[in-house]
Amino acid sequence: RKYISPIAMAVDNADEIRESGIELFIDAGDEDMFNLQQPSELLHRVLWYLRIPHEYHLARGANHTGSSWRRRGPQAMDFLFRAMDEALSPVEIMTQEDKDWAAWKAAQDQ
């Protein structure tokens, strides 16, 4: 592609994004001074269409900066902490047979 955008990346890499398990958070104010609410909404709709899991927030009466961050900031931090907790929680990959062997091997080495 001549131009790269988050929307193009989502379209071109939908399967890889879904398989990666990456957590996506999109937040925009409907009165954004940079008019980012429109591309944010479009990105949300593309992700939805492609069935890429994400969390999307459009804050009513909110600008790009300002007092709305008193309520939006904690939402973003909550998402971040949830995503990090899930990423840092170990996934169980050993079968019971593997665990039994590892325990036996550890006992043999002592």
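Modeller: What follows goes through the core, the salt bridges and a surface patch.

Modeller: This is a predicted model, in which local features need pLDDT of at least 70 and side-chain atom pairs count only at pLDDT 80 or more, while totals for chains, interfaces and linings use all residues. Residues are numbered from 1 along each chain as its sequence is written, and side-chain values use heavy atoms, with hydrogens and water left out.

Biologist: Which residues make up the largest nonpolar core?

Modeller: Ten residues do, namely Ala10, Ala14, Ile17, Ile26, Leu43, Val46, Leu47, Leu50, Ile52 and Tyr56. A nonpolar core here is a set of buried Ala, Val, Leu, Ile, Met, Phe, Trp, Tyr and Cys residues joined through side-chain atoms within 4.5 Å, and buried means under 20% relative accessible area, exposed over 50% and partly exposed in between, with a 1.4 Å probe and protein chains only.

Biologist: And which elements give two or more residues to this core?

Modeller: Helix H2 (14–20) and helix H3 (37–49) do, with H3 giving the largest share, three residues. Helices (H or I, at least four residues) and strands (E, at least two) are DSSP runs, numbered from the N terminus.

Biologist: What is Ala14 in contact with, leaving aside neighbours within four places in sequence?

Modeller: Ala14 is in contact with Leu50 and Ile52, where contact means heavy atoms within 4.5 Å.

Biologist: Switching topic, how many salt bridges does the structure hold?

Modeller: The structure holds five, a salt bridge being a side-chain nitrogen of Lys or Arg within 4 Å of a carboxyl oxygen of Asp or Glu. One of them joins the side chains of Arg18 and Asp15 at 2.3 Å, N to O, and because these residues are three apart in helix H2, about one helical turn separates them.

Biologist: Which partner does Glu55 have?

Modeller: The side chain of Glu55 meets that of Arg82 in a salt bridge of 3.2 Å, N to O. This pair links distant parts of the chain, with Arg82 in helix H4 and Glu55 in strand S2, 27 residues apart. Arg82 also meets Asp78 in a salt bridge of 3.1 Å, N to O, and salt bridges that share partners join Glu55, Asp78 and Arg82 into one network.

Biologist: Is Met84 buried or partly exposed?

Modeller: Met84, which lies in helix H4 (residues 69–88), counts as partly exposed because its relative accessibility is 41%.
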